[in-house]
Amino acid sequence: MPTTAAREQLDGIRSTSDSIPEADSDRISEIRRDLLGRKSGRLTRLLRSLRDLEPGERKEIGAAANLLKNQVESALEAREQILSQQTASDDEVDLTMPSRKGWRGALHPVTTVVDEICEIFREIGFTRIVGPEAETEEYNFTKLNIPLDHPAADMQDSFYLAPGVVLRTHTSPMQAHTLEQYEPPIRIVVPGTVYRRDPFDPSHSPVFEQIEGLAVDEGISFVDFKAAIDFFVARFFAKGTSVRFRPSFFPFTEPSAEVDVGCPMCSGSGCSTCKQTGFMEIMGAGMVHPAVFERCGVDAEKYTGYAFGMGPHRIAMIRHGIPDIRMLFQNDMRMLSQFVD
Ligand code: DAH
């Protein structure tokens, strides 16, 4: 090869080497192949052809070519190193990625119902308290005038933790604890979890919430009870919701009643939710039975009172038109996310 050709090749190689880009990995590998490829790399071939040069020229061009080879190698290596560092840090934070939508939490609809109900009763003087979930038969049944041979006290209906000890089947035992502990006037609401040997189906759950209410003082009558419930319904349900008191029976109240509200789904005209009755039951209630006062050491001649028990799960279902109580336990985000405001 003539010397001038070798010089020209050297110049060409040098200018390619000067144009190695900073951050184009494809182009960098391409240049590596073009210059240093083992068979046909331009620099490789030039070095191989040094032996064809005149000895004098060979020394000069050989030195220049070897120097250039070192420069090209270190330039390529430096670029490759920068590139691999960039890739690693790009893996950690990709600034081009669309941002993720933030998660926002919300209270469970049953919790909201419990809080709202307690708040409404707080406005008319009721204190919110809590009680134990494990109760003796005495408090869960006997002191509430429920005889132990009543079906509710049966092993088939209640969860027994030990002989004589049950998971409370209602929040009513807190009536007995409060009557024993405090002098009237008493006004309490007691939210809490209760347990029954019920199936887990669209309208039952073995675990659910209740809110107990109790008001005891001198001269309390059924009229006071009705006024309190009217106040509650007007506050909690839609404007104009009707209220109905039906006679009922509970061992711990006399007289006893069940309270219904006009079905919010059909506004009382009858639909599948209210089974064509136009009403939905929201609570059991009544005037505290004198036998309960006596068993709890309260003077039944001096004091009277009313009590009620409602189910926040049921009330949440009525309020939101939820057809199956299990949806309130499954924590399915498709259901719960509807309550994020
Ligand atoms: N404890 C009753 C139940 O679990 C509900 C109830 C009814 C509570 C009448 C009361 C009441 O305080 O007066 O079904």
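Tutor: Thr112 belongs to helix H5, residues 109-123; helices (H or I, at least four residues) and strands (E, at least two) are DSSP runs numbered from the N terminus. Because its relative accessibility is 28%, Thr112 counts as partly exposed; buried means under 20% relative accessible area, exposed over 50%, and partly exposed in between, with a 1.4 Å probe and protein chains only. The model is predicted, with local features requiring pLDDT of at least 70 and side-chain atom pairs pLDDT 80 or more, while totals for chains, interfaces and linings use all residues. Residues are numbered from 1 along each chain as its sequence is written, and side-chain values use heavy atoms, leaving out hydrogens and water.

Thr112 and Glu92 are 20 residues apart along the chain, and their C-alpha atoms are separated by 40 Å. The domain assignment gives domain 1 as 3-91 and domain 2 as 109-339, these bounds coming from an automatic or database assignment. Between the C-alpha centres of the two domains lie 87 Å.

From an oxygen atom of the ligand, an N or O atom in the side chain of Glu212 is 2.7 Å away, and a polar side-chain atom of Gln210 lies 2.9 Å from a ligand oxygen. A polar backbone atom of Phe308 is 3.4 Å from an oxygen atom of the ligand. Taken alone, the ligand exposes 350 Å², of which the protein buries 89%; these areas come from the Shrake-Rupley method with a 1.4 Å probe.

Phe308 also belongs to one aromatic cluster with Phe121, Phe126, Phe232, Phe236 and Phe237. Across the whole structure, a search finds 13 aromatic pairs. Rings of Phe, Tyr and Trp (its six-membered ring) pair if their centres lie within 6.5 Å; planes under 30 degrees apart count as stacked, over 60 as edge-to-face and the rest as tilted. Phe222 and Phe245 form an edge-to-face pair, 6.3 Å centre to centre with 65 degrees between the planes. This pair links distant parts of the chain, with Phe222 in helix H8 (residues 222-236) and Phe245 in strand E7 (residues 243-250), 23 residues apart. Phe222 is partly exposed because its relative accessible area is 26%, and Phe245, at 22%, is therefore partly exposed as well.

Asp260 lies in strand E8, residues 253-262. Because its relative accessibility is 2%, Asp260 counts as buried. Its side chain makes a polar contact of 2.7 Å with the side chain of Arg246; such a contact is a pair of N or O atoms within 3.5 Å, and within protein one must be able to donate a hydrogen and the other to accept it, residues adjacent in sequence counting only if both atoms are side-chain atoms. Strand E8 also holds Pro255, and the peptide bond from Glu254 to Pro255 is cis, with omega near -5 degrees.
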